[in-house]
Amino acid sequence: MEPIPVFKQRRIILGVTGGIAAYKAADLASKLTQAGAQVDVVMTAAATRFVAPLTFHALTGRPVWTDLWTPVPETAIPHVTLGEAAELVVIAPATADFIAKMAHGLADDLLSALCLSTRAPILIAPAMDVGMWANPVTRENVERLRARGVEVAGPAYGRMASGLEGWGRMIEPAELIGHIRRILGRKGPLAGHRVVVTAGPTYEPIDPVRFIGNRSSGKQGFALAQAALDRGAEVVLITGPVALETPVGARRIDVGTAAEMAEAVWRECGEADVLLMAAAVADYRPARMQPLKIKKGAALTLELVATVDILEGVAARRVERGKPRVVVGFAAETGDLVENARAKLQAKGLDLIVANDVTEPGAGFAVETNRVTLIDAQGRVEPLPLMSKAAVAEAILDRVVDLLQEKG
Ligand code: CTP
């Protein structure tokens, strides 16, 4: 995992309680640390039966706390000082027993005492046997915590260590990280702003089984959605057919054709502050969709017609309503990058265009990296180096925040 700005030097307490999913907490601690967070692990006695404190110490490079009573030189009262410094307390896994303790305000070990005294938000990832999760006592305890503002992520459905199947598995660290980002980001510079992101290709049907599409994976658009969430935005992600997990917190709308995407974009943009139009929309579609599968035979000529230009429609609506305030387009080029992109920026009435030369190695479709040039309506041209699509998304969102500010 590469460093992620929303985690940079953020102080997270990772509370680990005694369930078999504690081994997944080691992965979580490692990923959060790599992402740039300062992770202090607090374990219950039961948790140390599953994973050694040394494991967390090695992964986080920080002391691991296990005991309310051991005097330590740095702080006289760890449950208070740790909890005060924290920006977020994550309990993963949270056993039925620990949830019950939290729900009733017990404080007989370091982690429960810390949960009682901290003013930081608390996120729990329940993990327990099917029967324990289904038990009305646990449900009541969880509801009680929710009502007090504790956030609950999961559990997931699946196979248990016992061999039983059902609800009770801890959600995977990757998904939990999505919840953590949502909480850490919610006071960010886009808090209170609605951001619409489009991603992926569109599929234009030829007959019931065939379509015209393109190689877009949706990765850059999904990374933009995540970067907007990290800055506190309310995110609507309108996507063509892709094989990607929805970033936690985004409202996802799946579409197929350019016409469907246009309708969704125009509807959602009515109340949006920002549109990030990263989708690789088809420029042509078959003039007619054949109702039955086309049989093989002699040469076949398909008649194509132009699809609707979504950004042009946005520009027209923007004149009427003034929304979205910032519109960002993308230009996939195979030559004359800056000239072509600048022409598109003007023709489509954009505030910023993200241009990339898809013939360059490491840039464009279906790879993890991208090399883009940002060009804005004031004529500023900023070529960025080859970097991950996540880093490209961060750079674009930083520019969007600036553009919103410039517009007042
Ligand atoms: N776009 C759109 N509606 C379309 C086609 C493209 O809104 N029917 C958007 C894309 O999402 C992108 C921008 O327009 O943000 C530029 O897309 P691109 O395909 O590079 O440019 P085109 O205008 O289609 O021009 P050309 O294909 O000739 O380069």
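1. A residue counts as partly exposed when its relative accessible area lies between the limits for buried, under 20%, and exposed, over 50%. Arg380, at 39% relative accessibility, is therefore partly exposed. The structure discussed here is a predicted model.

2. Arg380 forms a salt bridge with Glu406, at 3.3 Å from N to O. Glu406 belongs to helix H14 (residues 389-407), while Arg380 lies in the loop between strand S20 (372-376) and strand S21 (381-383), so the pair links distant parts of the chain, 26 residues apart. Glu406 is also partly exposed, with a relative accessible area of 49%.

3. The structure holds 33 salt bridges. One of them joins Asp40 and Arg62, with the closest N and O atoms 2.8 Å apart. Asp40 is in strand S2 (residues 38-43) and Arg62 in the loop between helix H3 (53-60) and strand S3 (64-65), 22 residues apart. Asp40 is buried, at 3% relative accessibility, whereas Arg62 is partly exposed at 24%.

4. A network of salt bridges links Arg194, Glu234, Arg251, Arg267 and Glu268.

5. There are 2 aromatic pairs in the structure. The ring centres of Tyr157 and Trp167 are 5.3 Å apart with planes at 75 degrees, so this pair is edge-to-face. Tyr157 sits in strand S7 (residues 156-159) and Trp167 in strand S8 (residues 165-169), so the pair ties together parts that are 10 residues apart in sequence. For Tyr203 and Phe211, the centres are 3.7 Å apart and the planes at 10 degrees, so the rings are stacked.

6. A charge also meets an aromatic ring: the charged end of Arg317 sits over the ring of Trp266, 4.1 Å from its centre.

How values were computed:
Residues are numbered from 1 along each chain as its sequence is written. This is a predicted model: local features need pLDDT of at least 70, side-chain atom pairs count only at pLDDT 80 or more; totals for chains, interfaces and linings use all residues. Side-chain values use heavy atoms; hydrogens and water are left out. Rings of Phe, Tyr and Trp (its six-membered ring) pair if their centres lie within 6.5 Å; planes under 30 degrees apart count as stacked, over 60 as edge-to-face and the rest as tilted. Helices (H or I, at least four residues) and strands (E, at least two) are DSSP runs, numbered from the N terminus. A charge sits over a ring if NZ of Lys or CZ of Arg is within 6 Å of the ring centre and within 35 degrees of the ring normal. A salt bridge is a side-chain nitrogen of Lys or Arg within 4 Å of a carboxyl oxygen of Asp or Glu. Buried means under 20% relative accessible area, exposed over 50%, partly exposed in between (1.4 Å probe, protein chains only).
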